[in-house]
Amino acid sequence: MGEHGRPGESAGRPPGEQDRPGESSALAAVAGLGLEHEVVRHGPVGSLAEAATARGVIPADVVKTIVVRRADGDYLFVLVPGDRAIAWPKLRALLGVQRLSMPDADTAFAVTGYRRGTITPFGATTAWPVVADARLLGRRITIGAGASGVAVALDADRAVAALNARVADVTDPLPAPQTADPA
């Protein structure tokens, strides 16, 4: 296994590069929960497919952490397999609400301590409730670690348990890409 998430450890990092604050918080939280994990570092990615390739996994194993607003001052994290999207009717039914929304980037940062693209439930400034899509179970997943180009690979079942996540079917497949008609 590579890095094991000890704060301040520099294995796999270019010489002279230091942990960024979000990365330190996320990795300390993962380690603090006693989760066996591997830190995966990669360069910038522009798509799910690029992230999966950089992390050495299939797209379904790249977990997206989505911040969802239930009401003023009430948020939650939804863990979504990379090849799927939140099914809003399913999530509303699960939570017993009629309306949900996604906060803008500034609000997401204010309520999590992480910028979009780096958000993770691990080490967030507030331990919001977590909902995990059922398709994550039984897999080894990668999830963002609080900074761009940094993820942790870990057992999904153990991560879900450590986060006290509510597990349910809350996603749908992503729509197939549209291709131009050759007409």
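## Salt bridges

The predicted model holds 8 salt bridges, a salt bridge being a side-chain nitrogen of Lys or Arg within 4 Å of a carboxyl oxygen of Asp or Glu. One of them joins the side chains of Glu23 and Arg41, at 2.7 Å from N to O. Glu23 belongs to helix H1 (residues 21-32) and Arg41 to strand S1 (residues 37-41), so this pair ties together parts 18 residues apart in sequence. Helices (H or I, at least four residues) and strands (E, at least two) are DSSP runs, numbered from the N terminus. Both Glu23 and Arg41 are buried; buried means under 20% relative accessible area, exposed over 50%, and partly exposed in between (1.4 Å probe, protein chains only).

A network of salt bridges links Lys90, Asp133, Arg135, Asp169 and Asp172. Asp133 is buried, at a relative accessible area of 0%, whereas Arg135 is partly exposed at 34%. Arg135 also forms a salt bridge with Asp169, where the closest N and O atoms are 3.0 Å apart. Arg135 sits in the loop between strand S5 (130-133) and strand S6 (140-144), and Asp169 in the loop between strand S8 (166-168) and strand S9 (171-173), so the pair ties together parts that are 34 residues apart in sequence. Asp169 is partly exposed, with 37% relative accessibility.

Thr142 is placed in strand S6. Its relative accessible area is 1%, and Thr142 therefore counts as buried. With neighbours within four places in sequence left aside, Thr142 is in contact (heavy atoms within 4.5 Å) with Arg55, Val57, Asp61, Val62, Val63, Ala151, Val152 and Ala153.

## Pockets

On a 1 Å grid over the protein atoms alone, a pocket is an open set of points where a 1.4 Å probe fits, with protein on both sides within 12 Å along at least five of seven lines; lining residues have an atom within 4 Å of a point. Grid points are joined across faces, edges and corners, and a volume is the space filled by probe spheres set on the points. Of the 27 residues lining the largest pocket, Val63, Lys64, Thr65, Gly117 and Thr118 lie nearest its centre. Helix H2 (48-55) and strand S2 (62-71) are the elements that give two or more residues to this lining, and S2 provides the largest share, 6 residues. By class, the lining has 15 nonpolar, 9 polar and 3 charged residues. Here Ala, Val, Leu, Ile, Met, Phe, Trp, Tyr, Cys and Pro count as nonpolar, Asp, Glu, Lys and Arg as charged, and the others, Gly among them, as polar.

The second largest pocket has a volume of about 170 Å³. Its lining consists of 14 residues, with Pro121, Ala127, Trp128, Ala162 and Leu163 closest to the centre. This lining divides into 11 nonpolar residues, 3 polar and no charged.

## Confidence and conventions

The protein chain averages a pLDDT of 89, and 86% of the residues score at least 70; pLDDT is the predictor's confidence in each residue, from 0 to 100. Over residues 1-18 the pLDDT is below 50, and this stretch has 28 contacts in the model beyond near neighbours in sequence.

In this predicted model, local features need pLDDT of at least 70 and side-chain atom pairs count only at pLDDT 80 or more, while totals for chains, interfaces and linings use all residues. Residues are numbered from 1 along each chain as its sequence is written, and side-chain values use heavy atoms, with hydrogens and water left out.
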